[in-house]
Amino acid sequence: VLVIERETQFQDRIRGEILNSWGVAETQALGLYALLRNTCAHESPRFGTYLGPDWEEPRDLVATTPQHLPGFTFYHPMMQEVVLQAAVDAGAEVRRGATVRSVRCGPLPSVEVEQHGHVQEIQARLIVGADGRGSVVRKWGGFPSSQDPDHLMISGVLLDEMPVPAEDTSYYVINPNLGQGVPL
């Protein structure tokens, strides 16, 4: 396995992260649950909302979700480093600061990679392009893209040293008059 990573150091673009119970179940299926919990993730077994003027009673995620698991919160760049290191520890080769210039489909797929001014074509049985919403790998592969109109925009805030009613609870603050909310 070869991982091509454009970033030499991950940047904070998300401002904190919450992974709900169903996502935590996926970390278990992938064998990453204990690694994340022991390195960068904080268990959040309860989820509360605030509509003002009072905090609502938090939901017990372990008792009320089909997965019977807590949520996870973490600092996204740290989680990316932990998972990338896990790939290395599992035997993957990781090239950081490298850019994929093209992907060729067909019976013998290949990827063209540039790193430090050197370009190399690498053949592979399987190429996975995990390059986000505006994926150029998807375009190079000729895969169609479709999406529903935007109905909901979600944003997060990572706050340090802020008092909340319970440390083991993730909160969602909602202002119904403005039709806006923010996870804490």
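The model is predicted: local features need pLDDT of at least 70, side-chain atom pairs count only at pLDDT 80 or more, and totals for chains, interfaces and linings use all residues. Residues are numbered from 1 along each chain as its sequence is written, and side-chain values use heavy atoms, with hydrogens and water left out.

**The whole chain**

The chain has five helices and twelve strands. Helices (H or I, at least four residues) and strands (E, at least two) are DSSP runs, numbered from the N terminus. The chain is more spread out than a compact globule, because its radius of gyration is 20 Å, well over the 16 Å that the globule rule gives for 184 residues. That radius is taken over C-alpha atoms, and the rule is 2.2 Å times the number of residues to the power 0.38. Along its principal axes, the C-alpha trace spans about 60 × 40 × 30 Å.

Of the 184 residues, 26% count as buried. Buried means under 20% relative accessible area, exposed over 50%, and partly exposed in between (1.4 Å probe, protein chains only). Contact means heavy atoms within 4.5 Å. Among contacts between residues at least 6 apart in sequence, 60% join residues at least 24 apart.

**Two residues up close**

Which strand holds Gln120? Gln120 lies in strand β10, residues 118–123. Ser110 is found in strand β9, residues 110–115. Is Ser110 buried or exposed? Ser110 is buried, with a relative accessible area of 2%. Gln120 is partly exposed, at 31%.

Now the neighbours, not counting residues up to four places away in sequence. Gln120 touches Arg95, Val111, Glu112 and Val113. Ser110 touches Ser102, Val103, Arg104, Glu121, Ile122, Gln123 and Ile127.

Finally, a distance. Gln120 and Gly142 are 22 residues apart in sequence and 22 Å apart in space, C-alpha to C-alpha.
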